[in-house]
Protein chains: 2
Amino acid sequence: MKQYLKIDPWCIIDSGFDPENVESSESIFSLGNGKMGQRANFEERYSGKSMQGSYFAGIFYPDKTRVGWWKNGYPKYFGKMINSVNWTGIDVNVDGESLDLAKCKVSNFRRVLDMKEATLSRSFTAELTSGKQVSVEAFRFISASDTRIAALRYKITPLNFSGPITVTPYLDGDVVNKDSNYGEQFWEEVGTERVVVAGGEDIGVSFLHVRIKKTPIHEESGIDAHEVCSAMSVRIDGTPSTPQVGRRRSYIGETYGIDAIEGRPVVVEKIVANVTSLDVEPSQLTGAAQSAVAQASTLGFDRLFEDHKAVWAAKWEMSDVVIDGDDAAQQAIRFNIFHLNQTYTGEDARLNIGPKGFTGEKYGGGTYWDTEAFCFPFYLCTSDPEVARNLLIYRHRQLGKAIENGAKLGFKDGAALYPMVTINGEECHNEWEITFEEIHRNGAIAYAIYNYVRHTGDTEYLTEYGLDVLIALSRFWAQRSTYSQDKKKWVILGVTGPNEYENNVSNNWYTNYIAAWTLRYTAEALTSGSGPLTPNPGGTGPTRVSEAEISKWREIAKGMYLATIPGTEVKLQNDGFLDKEMLTVDDIPANERPINQHWSWDRILRSIFIKQSDVIQGMYVFMDDFPVDVVRANFEYYEPKTVHESSLSASIHSVVASHIGDVDKAYELYLRTARLDLDDYNNEVHEGLHITSMAGTWLAIVEGFARKRVTPDGTLRIAPYLPRQHWKRYAFKIKYRGCVIETDVSERGCLIRNHSDTAIELYIDGVLRQIGPREEYLS
Amino acid sequence: MKQYLKIDPWCIIDSGFDPENVESSESIFSLGNGKMGQRANFEERYSGKSMQGSYFAGIFYPDKTRVGWWKNGYPKYFGKMINSVNWTGIDVNVDGESLDLAKCKVSNFRRVLDMKEATLSRSFTAELTSGKQVSVEAFRFISASDTRIAALRYKITPLNFSGPITVTPYLDGDVVNKDSNYGEQFWEEVGTERVVVAGGEDIGVSFLHVRIKKTPIHEESGIDAHEVCSAMSVRIDGTPSTPQVGRRRSYIGETYGIDAIEGRPVVVEKIVANVTSLDVEPSQLTGAAQSAVAQASTLGFDRLFEDHKAVWAAKWEMSDVVIDGDDAAQQAIRFNIFHLNQTYTGEDARLNIGPKGFTGEKYGGGTYWDTEAFCFPFYLCTSDPEVARNLLIYRHRQLGKAIENGAKLGFKDGAALYPMVTINGEECHNEWEITFEEIHRNGAIAYAIYNYVRHTGDTEYLTEYGLDVLIALSRFWAQRSTYSQDKKKWVILGVTGPNEYENNVSNNWYTNYIAAWTLRYTAEALTSGSGPLTPNPGGTGPTRVSEAEISKWREIAKGMYLATIPGTEVKLQNDGFLDKEMLTVDDIPANERPINQHWSWDRILRSIFIKQSDVIQGMYVFMDDFPVDVVRANFEYYEPKTVHESSLSASIHSVVASHIGDVDKAYELYLRTARLDLDDYNNEVHEGLHITSMAGTWLAIVEGFARKRVTPDGTLRIAPYLPRQHWKRYAFKIKYRGCVIETDVSERGCLIRNHSDTAIELYIDGVLRQIGPREEYLS
């Protein structure tokens with residue numbers, strides 16, 4: 001835990017230079033626009049501890065799978081999003097001495113992430129060893145309006161001298177990953193040059209074109225070695241001189257010599273375009289990057305910034321959550337929303353959400369079930385339906401690969417098992433108990449389809465795309481279930497549930513439940529009036545389904561083994577659970593927590609302690625299936641056994657606590673994730689932010705405190721309460737079936753505003769109400 | 001499956017040169033003497049496919065543990081026995097052309113492993129590209145009488161020319177492991193030189209001294225970087241000239257130019273001494289190697305060979321199994337016994353038995369539970385008690401490390417968990433479901449102590465050493481067992497049994513049974529009249545045991561959960577077993593076997609199929625605890641579900657089949673392992689031999705067909721039958737409490753010969769008989 005950032009409703013502020021915080025701040029102050037992202041590395045060289053991070057969505061290196069003992073079915077490679085061209089760099093040299101905050105006296109250091117405008121500014125005064133002092137103001141944004149573009153303004157003022165300063169804005173592809181062995185490099189140069197692009201005004205552009213090093217895996221798997229071209233255009237006020245161009249392997253820099261005058265700032269503007277082979281043919285990359293940067297440069301820094309701000313204003317207009325009376329909470333929820341909006345914008349169905357977004361290497365930028373289970377509702381409620389839809393289309397595009405993956409594990413006839421982790425549809429994970437057994441991910445993908453259709457009313461999606469996926473998923477569940485002669489029930493053996501502190505267990509309640517649900521939902525969708533028996537013939541999967549197959553699915557769903565602890569209403573987490581030593585989290589000595597840092601794996605597995613509760617996760621997803629007393633009984637049984645050592649756990653438990661009216665518990669659990677990164681609870685924020693758990697915080701407010709739900713028949717329900725010991729008011733909007741509905745909860749009650757031109761009908765505190773266009777209702 | 005070797009009762013014969021068989025034969029024709037071992041690599045250079053293998057017992061490289069996701073408790077390194085100095089090499093050059101069987105016409109190729117004398121000979125005719133023909137006869141042995149010494153005789157005869165031939169016997173430490181990445185080397189040179197050692201006759205000796213490359217692991221773990229010094233003395237009949245000495249990094253060779261005459265053989269004798277830092281201080285190594293080789297050279301090749309033969313004659317005298325009427329079986333059992341005797345001699349309690357002995361790199365030369373569970377009875381019955389005792393002492397020496405290992409996994413108060421794989425006592429394995437959970441190995445170690453004491457009557461061992469180990473093991477079991485409120489029984493959760501096709505299961509019958517047995521046996525040993533309550537205070541472990549602790553052990557043992565399948569006498573393999581799809585091995589399509597090469601791991605785990613049966617293993621170990629009908633019921637239940645994809649499985653099942661009188665099944669199962677390597681059943685013999693499964697074959701005969709056992713009160717029992725459809729007769733000796741007893745089974749009955757000077761009492765076919773000194777009894 002580390003609290004060095006100032007509280008402010010719209011900004012994150014670091015107002016002192018501490019080398020120990022540099023890497024954490026690099027994560028926290030990251031910028032991104034869904035296509036690219038950048039840790040808040042300093043522009044000028046920094047020789048202190050730092051983790052360079054410049055990432056491009058969908059651009060990955062296929063690294064060779066290395067395991068102790070190979071198991072059939074493991075993927076040959078795992079793709080990982082890697083550190084790429086450093087396009088932010090500006091070397092500064094003052095009379096022969098390099099400006100490097102690790103080597104000079106730093107004062108007045110201040111760094112501000114303006115979340116409203118999505119900009120990063122930094123200012124400081126540095127005294128070099130020569131005694132010369134400069135002040136610096138740096139400012140940058142990554143354009144939300146033209147996702148290829150980023151812009152930096154870097155202002156240096158000599159404070160106590162006049163004399164030569166050189167500045168060298170550069171593009172550097174000679175980079176490594178933090179996790180590289182022996183400085184192994186993943187990139188090679190394709191070309192670098194400075195050219196003059198003709199236009200209204202001739203614009204000097206330096207570009208660097210790099211390609212991921214070809215490995216035998218590229219050959220074997222038929223995937224392309226991705227390429228990136230970065231181009232920059234530099235403008236220095238009052239210094240129109242032609243730069244000296246410096247090139248070396250995978251590097252180009254433009255050096256400008258300036259006779260600086262005491263007290264007069266030198267202003268460097270660097271506009272960058274980054275274009276990748278995901279969007280442009282490799283042969284066209286340099287041309288595309290050059291013309292993009294020339295175009296941006298012609299528009300100019302200020303206009304680029306205005307366009308960028310306009311996009312963010314619209315994002316905030318819809319997705320902001322306002323909290324009055326608790327600035328720390330206000331800052332935190334905005335921080336979370338801000339990063340969610342930076343990470344994924346829904347414009348490109350080939351992209352998804354990595355657990356760390358663009359803020360670090362960890363988890364390799366891959367897509368996990370986190371997307372469907374935690375992030376999906378945020379985008380579904382705060383964006384146009386296309387955004388959430390593209391998250392579904394992402395999986396639909398990868399259906400073929402998921403079927404191949406299923407076949408690799410012995411499943412037939414188009415049964416799909418989606419990867420545990422993926423970038424391009426290939427499995428990128430290699431631990432049998434997870435890769436092969438944490439199959440509940442297939443359930444979350446099915447449920448997201450249902451959730452989308454129910455929320456948006458877009459039933460066309462179901463017939464055009466959804467059924468392809470649902471059928472393949474149901475085929476998987478049908479084959480993965482076996483009939484137990486002993487139990488006279490269908491069972492699912494050998495799985496790992498969301499609670500990864502149990503491995504290879506049988507009849508995991510959550511997995512069995514969501515499997516049965518998927519089978520039932522697919523069967524219903526195929527046979528209901530609106531759904532045809534044979535879905536879209538243009539779909540990806542083998543989509544012919546017989547009546548016999550459907551009735552088999554129904555039989556399995558109906559006969560699925562779902563156990564309750566005898567004499568209680570508590571669902572049995574999995575077979576064998578009752579054999580464990582019955583302890584609660586309070587029984588763990590404080591110095592042994594978190595247990596995953598202190599206990600050996602086998603000890604964790606045989607203990608009762610739960611990383612995140614399967615049953616509570618299931619109660620959260622299928623809340624309408626259970627009376628509130630049953631949910632309460634389960635929560636009261638499992639919550640005391642849950643150590644919440646997944647960053648996804650506490651927020652879901654918080655939602656459920658709100659549901660059962662345990663307001664104190666709900667708030668306590670909400671707090672655990674709300675400022676997880678800002679206050680660095682687990683001393684790991686330097687590795688990157690917990691993007692997917694940020695969505696959980698939003699859930700804890702919207703689905704928790706405000707108890708927003710949609711009934712099975714598609715009616716919105718809101719039943720908010722105010723955590724009044726802590727907050728005076730909170731308010732948020734959601735998009736629902738074309739309407740924008742604001743929920744504003746304060747001491748005086750809950751005000752629901754209909755921002756739309758049509759009337760809406762919704763349950764408020766359990767009572768069905770109509771609210772006319774542009775009207776509001778106070779309950 | 002590959003059958004290219006001739007059947008012969010005492011020899012293994014390969015009578016044709018097929019490059020495809022070279023690597024297999026390198027394994028099969030390996031030589032060793034317990035301290036060193038050598039694959040049957042050709043003396044002359046060979047550019048074809050080959051796996052070089054020269055190994056020294058106890059000499060290992062500590063390689064860094066690499067896993068996908070680190071788990072607390074994993075060892076930092078794993079030691080592995082690595083390919084070391086090539087001391088067999090002799091380069092031959094005929095008039096400028098290198099002799100290389102991959103590059104010339106080969107005829108009359110013949111290779112013979114003489115198991116009786118433990119020698120390898122090879123002869124062939126080669127026509128070089130020049131048209132010149134030579135015949136070669138090579139002969140080698142690794143001395144069983146002086147374990148530092150090996151000797152080669154290499155005879156080359158020009159067949160159709162006279163002219164210059166050069167021969168270069170050499171020592172080469174510039175070697176890699178087959179499993180090295182990028183040709184990474186594990187050895188570095190300490191020094192190499194040719195010196196003349198003064199003696200009755202001056203002897204020229206070339207030596208090469210190498211050391212394992214230091215890694216950070218050596219530093220961290222405080223282990224030494226092992227060293228080896230090899231020294232050679234060369235004699236060439238009629239060519240007394242001083243050689244030209246060639247040296248390069250980690251290499252020394254002596255080149256002799258010979259004017260060869262058509263039809264007249266050139267005979268090269270190379271005597272080698274290999275000395276390691278396990279036995280000699282590094283600073284003394286070169287001196288020790290030089291004087292050892294000088295001494296051996298003075299004795300001369302023939303005398304060395306005589307001494308060697310004498311040792312082997314004694315080994316065979318005691319350990320041979322004679323089979324009449326089936327030469328393939330005769331050859332196979334001798335092959336197995338031969339390799340067991342080559343791998344372990346029991347002279348050094350720091351050494352043990354790797355699953356591949358000295359015949360390949362696989363499994364890293366580490367000690368597994370195989371030693372106690374499969375190999376131990378062979379040495380116990382065929383050697384002096386010191387040999388088996390040293391196998392026990394090996395574990396006793398490592399008790400401290402086993403307690404450390406236990407502590408790493410959270411066990412307290414001197415509870416020991418022995419490593420799954422080890423060389424020096426440190427865990428060398430890193431898969432959680434095995435490393436942390438295949439804890440039944442602790443049971444096998446306890447049982448071997450009991451087995452030794454019962455067989456030898458050496459109760460002193462128990463008080464001096466055995467109790468230290470038993471107490472530490474019992475402490476482990478007591479802490480590893482937890483009380484299930486649900487079952488009202490003690491349970492052991494989260495284990496992997498001998499059947500590795502189930503992972504992380506609870507209440508594995510075998511594990512629970514052997515745990516309870518260990519607790520009971522330790523308690524009895526501590527409280528019986530002969531055993532003191534506090535054992536040897538000079539012992540390694542924390543050996544004070546209170547009455548309360550002992551009664552706790554008894555309580556757990558008594559209350560241990562051991563389930564039977566309702567309505568049957570069949571023991572339940574583990575919790576959840578009955579949920580599986582009830583199939584038998586016949587249900588697996590032939591093209592999907594072995595399933596471990598065709599099915600993904602999760603599919604194997606959730607299937608009913610058993611790698612080797614836990615319950616049958618338990619019935620084998622604790623046969624006296626169960627009526628034969630119960631054993632039969634269990635065998636008939638589990639055997640049809642067992643795929644025997646462990647090389648240890650079939651032989652134990654065979655013993656149990658013999659016990660229940662299923663003679664056909666016993667023989668069928670015996671056949672599966674008897675010629676496993678000779679006929680290369682699994683197309684993997686090129687990687688090395690299955691040394692520990694060889695002991696299983698011996699068990700299938702001695703404990704199976706002859707049904708040799710020892711009653712709990714220490715009385716020998718023999719109840720043999722003859723597999724008469726296949727064999728005319730079989731006979732073997734065992735050592736038992738100072739006596740040598742021969743069992744000779746043929747059509748006329750079972751003849752028991754007492755080769756001792758004292759009378760013995762034993763059960764023959766269930767009846768207690770006395771046989772006087774040097775007498776025999778026919779039943």
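Predicted model: local features only at pLDDT ≥ 70, side-chain atom pairs only at ≥ 80, totals over all residues.

Biologist: What is the radius of gyration of chain A, and why does chain A count as compact?
Modeller: For 779 residues the globule rule gives 28 Å, and the value for chain A is close to that, so chain A is as compact as a globular protein of that length. Its C-alpha atoms fill a box of roughly 85 × 65 × 55 Å along the principal axes. The radius of gyration itself is 27 Å.

Biologist: What percentage of the residues in chain A is buried?
Modeller: A residue is called buried when its relative accessible area is under 20%. Chain A has 779 residues, and the buried part of them is 65%.

Biologist: What is the area buried between chain A and chain B?
Modeller: The size of an interface is often given as the accessible area lost when the parts come together. Here 45 residues of chain A are in contact with 45 residues of chain B. Carbon and sulfur atoms give 52% of the buried area, which in total is about 3,700 Å².

Biologist: Which three residues supply more of the area that chain A buries against chain B than any other three?
Modeller: Together these residues supply 19% of the area that chain A buries against chain B. They are W69(A), D579(A) and R606(A).

Biologist: How many salt bridges are there between chain A and chain B?
Modeller: Side chains of opposite charge can pair when their charged atoms come close. One salt bridge across the two chains joins K71(A) to E433(B), with the closest N and O atoms 3.7 Å apart. The count between chain A and chain B is 6.

Biologist: Which element gives the largest share of the side of chain A that touches chain B?
Modeller: Across the interface there are 14 residue pairs in polar contact. The elements of chain A that give two or more residues to this side are α9, β21, α14 and α15. The largest share is 5 residues, and the element that gives them is α15(A).

Biologist: How do the residues of that side of chain A divide into nonpolar, polar and charged?
Modeller: The side in question is the one that touches chain B. Its residues divide into 15 nonpolar, 14 polar and 16 charged.

Biologist: Is E372(A) buried or exposed?
Modeller: E372(A) has its place in helix α6 of chain A, residues 370–382. The side chains of E372(A) and R395(A) are joined by a polar contact of 2.7 Å, and E372(A) also touches other residues, including A444(A) and I445(A). Because its relative accessibility is 6%, E372(A) counts as buried.

Biologist: How many residues of helix α18 of chain A are buried?
Modeller: Helix α18 of chain A runs over residues 649–659 and is mostly covered. What covers its buried residues includes α6, α16 and α17 of chain A. The number of buried residues is 11 of 11.

Biologist: Which residue, with a positive phi, follows α18(A)?
Modeller: The phi of this residue is near 85 degrees. The residue that follows α18(A) is G661(A).

Biologist: How many residues apart in sequence are the parts that R475(B) and E549(B) tie together?
Modeller: The side chains of R475(B) and E549(B) meet in a salt bridge of 2.8 Å, N to O. R475(B) lies in helix α11 of chain B and E549(B) in helix α13 of chain B, so the pair ties together parts whose separation in sequence is 74 residues.

Biologist: Is K105(B) buried or exposed?
Modeller: K105(B) and E127(B) meet through their side chains in a salt bridge of 3.7 Å, N to O. The pair links strand β9 of chain B with strand β10 of chain B. Because its relative accessibility is 58%, K105(B) counts as exposed.

How values were computed: Residues numbered from 1 in each chain as written. Chains lettered and ligands numbered in written order. Heavy atoms only, no water. Contact = heavy atoms within 4.5 Å. Buried area = accessible area lost by both parts, 1.4 Å probe. Salt bridge = Lys/Arg side-chain N within 4 Å of Asp/Glu carboxyl O. Polar contact = N/O pair within 3.5 Å; in protein donor to acceptor, adjacent residues only side chain to side chain. Helix = DSSP H or I, 4+ residues; strand = E, 2+ residues; numbered from the N terminus. Nonpolar A, V, L, I, M, F, W, Y, C, P; charged D, E, K, R; others polar. Rg over C-alpha atoms; globule rule 2.2 N^0.38 Å. Buried < 20%, exposed > 50% of the residue type's maximum accessible area, 1.4 Å probe, protein only. Lists of a residue's contacts leave out its neighbours within four places in sequence.
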